[in-house]
Amino acid sequence: MGLKENFYLNFIKDDRYMYLLSGLGNTLLITIVAVVVGILLGFLLAYIRTTYDKTGRWKAANLFAHFYITVIRGTPMVLQLLIVYFVIFASVNVPKIIVAFIAFGLNSAAYVAEIIRAGIMSIDEGQFEAGASLGFSYTQTMMYFILPQAIKNVLPALGNEMIVLLKETSVSGYIAMNDLTRGADIIRSQTYSAFMPLIMAAAIYLFFVLIFDSLVKKLERNLQNSDH
Amino acid sequence: MTTDTNRPLIEVRHLCKEFHNSRHDMEVLHDISVNFYQGDVAFIVGPSGAGKSTFLRCLNHLEEATSGEILFEGVNTLDAKVDIDALRQKMGMVFQQFNLFPHLSVMSNLTIGPMKLQGLSKEEAEERAIKLLKRVKLEDRAASYPNQLSGGQKQRIAIARSLCMEPDVMLFDEPTSALDPEMVGEVLEVMRELAQDKMTMIVVTHEMAFAREVANRILFMADKQILEENDPDNFFDHPQNERLRAFLDKMI
């Protein structure tokens with residue numbers, strides 16, 4: 001069978017490209033929602049952790065945040081996804097895509113928390129003291145002086161987290177989510193031809209990774225130009 | 001020099017400070033009692049590690065005193081009920097490393113405090129800031145960012161930023177120690193004018209000649225204590241304390 005026939009069989013016949021297209025849609029949707037959830041939740045965790053480090057306040061919350069981050073970073077993503085689907089939502093009927101949003105968002109939060117925490121801790125202690133010496137409270141000092149600098153410093157790292165997450169979502173098939181990887185695999189199981197669908201899926205991932213990567217690079221350059 | 005009121009602006013009584021770590025406790029300030037009055041230009045000198053900076057930082061609670069009392073305008077600031085943030089608005093501090101906010105323009109460095117903490121409008125705050133920028137002769141740098149300034153300029157902006165809160169006292173923590181020698185003069189010039197304008201100042205420094213010229217009181221700190229206090233001429237010409245004599249021999 002020639003390349004052309006192979007292409008026709010795997011993608012054109014019976015509209016099989018739709019498996020890839022709808023799978024890609026789910027992959028991107030899960031990635032974006034999970035990044036947003038991850039950033040919001042991760043930000044909160046980082047704030048709790050650094051407030052404890054800097055002031056000794058919020059001890060119990062810090063213990064929880066520390067435990068959470070340790071567990072999430074210390075266990076496989078696939079298992080976390082399975083646990084959310086089969087254990088936490090075992091008796092509740094929730095759409096799989098919502099399960100994916102939650103599982104990947106919770107996972108991403110732990111990594112984002114460590115990124116933002118590192119960003120806050122990298123800001124010179126003198127900045128905290130300058131804010132305090134003018135009469136700003138700890139919270140005000142964080143809002144006006146520390147976080148704007150910290151977030152600017154970690155934006156590239158957050159961009160990379162998004163790239164990692166995009167690829168991580170390929171395990172969504174474990175709960176029978178129709179993402180890009182699973183879409184390719186369905187085609188393979190129908191046509192008994194592995195090369196075309198799998199390579200095509202890989203190429204699509206790579207394409208989006210490169211797009212995200214160039215956006216991150218562009219962002220980095222813009223930040224350097226405005227580096228005051 | 002004279003005092004405007006009989007009551008000291010700052011009264012320090014039996015101040016002790018210890019640093020704790022897992023291995024041992026280290027005492028850095030031992031039973032310090034001293035008063036500062038309105039209009040004082042008090043210089044604190046002494047060998048490294050004597051506790052000068054720690055003492056200064058205790059005054060505005062960047063370090064928490066272990067025991068003792070610090071009365072500011074009659075209120076014991078070590079009382080747990082005291083609003084430390086409000087206290088700090090009245091005590092400007094200038095750091096060795098400037099600590100300007102690098103993500104804010106010079107103008108915003110000056111105006112953010114008055115706007116966010118004292119409720120000034122942008123126009124009011126900028127009006128106040130421009131006066132101070134003129135005073136430190138940097139009104140043309142209002143739109144610059146800190147990393148576009150020299151060390152001396154940064155420190156003058158840092159002084160202006162503290163003054164923009166209209167504090168009752170200014171604390172200087174080795175303001176020229178991080179500067180290249182040729183930039184020390186411009187910062188001292190600003191401080192000299194401040195002293196002439198009767199700003200109450202407490203200055204930790206190694207600039208002996210400047211201390212002698214500007215101070216009305218000089219305190220010698222060593223071994224966690226204030227060992228001697230005198231007017232500048234007697235301080236340098238007739239030192240009483242053994243440690244001070246040895247220190248001055250080495251410095252001058």
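Read along the sequence, chain A follows the pattern α-α-α-α-α-α-α-α-α, with nine helices and zero strands. Helices (H or I, at least four residues) and strands (E, at least two) are DSSP runs numbered from the N terminus. The C-alpha trace of chain A spans about 75 × 50 × 25 Å along its principal axes.

This is a predicted model, in which local features need pLDDT of at least 70 and side-chain atom pairs count only at pLDDT 80 or more, while totals for chains, interfaces and linings use all residues. Residues are numbered from 1 along each chain as its sequence is written, chains are lettered from A and ligands numbered from 1 in the order in which they are written, and side-chain values use heavy atoms, with hydrogens and water left out.

**Helices α2 and α8 of chain A**

- The axes of helix α2 (residues 17-55) of chain A and helix α8 (residues 180-191) of chain A come within 7 Å and cross at roughly 160 degrees; axes are lines fitted to C-alpha atoms, for helices over the stretch in contact, and angles run from 0 to 180 degrees between N-to-C directions.
- α2(A) and α8(A) are therefore roughly antiparallel to each other, given that angles under 35 degrees count as roughly parallel, over 145 as roughly antiparallel, 65 to 115 as roughly perpendicular and the rest as oblique.
- α2(A) passes α8(A) in a right-handed crossing; a crossing is right-handed if the near helix is turned clockwise from the far one by less than a right angle, and left-handed if anticlockwise.
- On the α2(A) side the contact (heavy atoms within 4.5 Å) is made by A:Y19, A:L20, A:G23, A:L24 and A:T27, and on the α8(A) side by A:L180, A:G183, A:A184, A:I186, A:I187 and A:Q190.
- This contact of α2(A) with α8(A) has seven nonpolar, four polar and no charged residues, where Ala, Val, Leu, Ile, Met, Phe, Trp, Tyr, Cys and Pro count as nonpolar, Asp, Glu, Lys and Arg as charged, and the others, Gly among them, as polar.

**Helix α3 of chain A and its partners**

- Helix α3 (residues 59-74) of chain A packs with α2(A) at an angle of about 125 degrees, their axes being 9 Å apart; the two are therefore oblique to each other.
- The crossing in which α2(A) passes α3(A) is left-handed.
- Residues A:L41, A:L45, A:I48, A:R49 and A:Y52 in α2(A) meet A:K59, A:A61, A:N62, A:A65, A:H66, A:Y68 and A:I69 in α3(A), a contact with eight nonpolar, two polar and two charged residues.
- With helix α5 (residues 96-121) of chain A, α3(A) packs at an angle of about 115 degrees, and the axes are 9 Å apart; α3(A) and α5(A) are therefore roughly perpendicular to each other.
- The crossing of α3(A) and α5(A) is left-handed, and among the residues making the contact are A:Y68 and A:I69 of α3(A) and A:L106 and A:N107 of α5(A).

**Chain B against chain A**

- In chain B, 24 residues are in contact with 19 residues of chain A.
- The two chains bury about 1,900 Å² between them, 62% of it on carbon and sulfur atoms; buried area is the accessible area (1.4 Å probe) that two parts lose on being put together, summed over both.
- B:F101, B:H103 and B:L117 supply 27% of the area that chain B buries against chain A, more than any other three residues.
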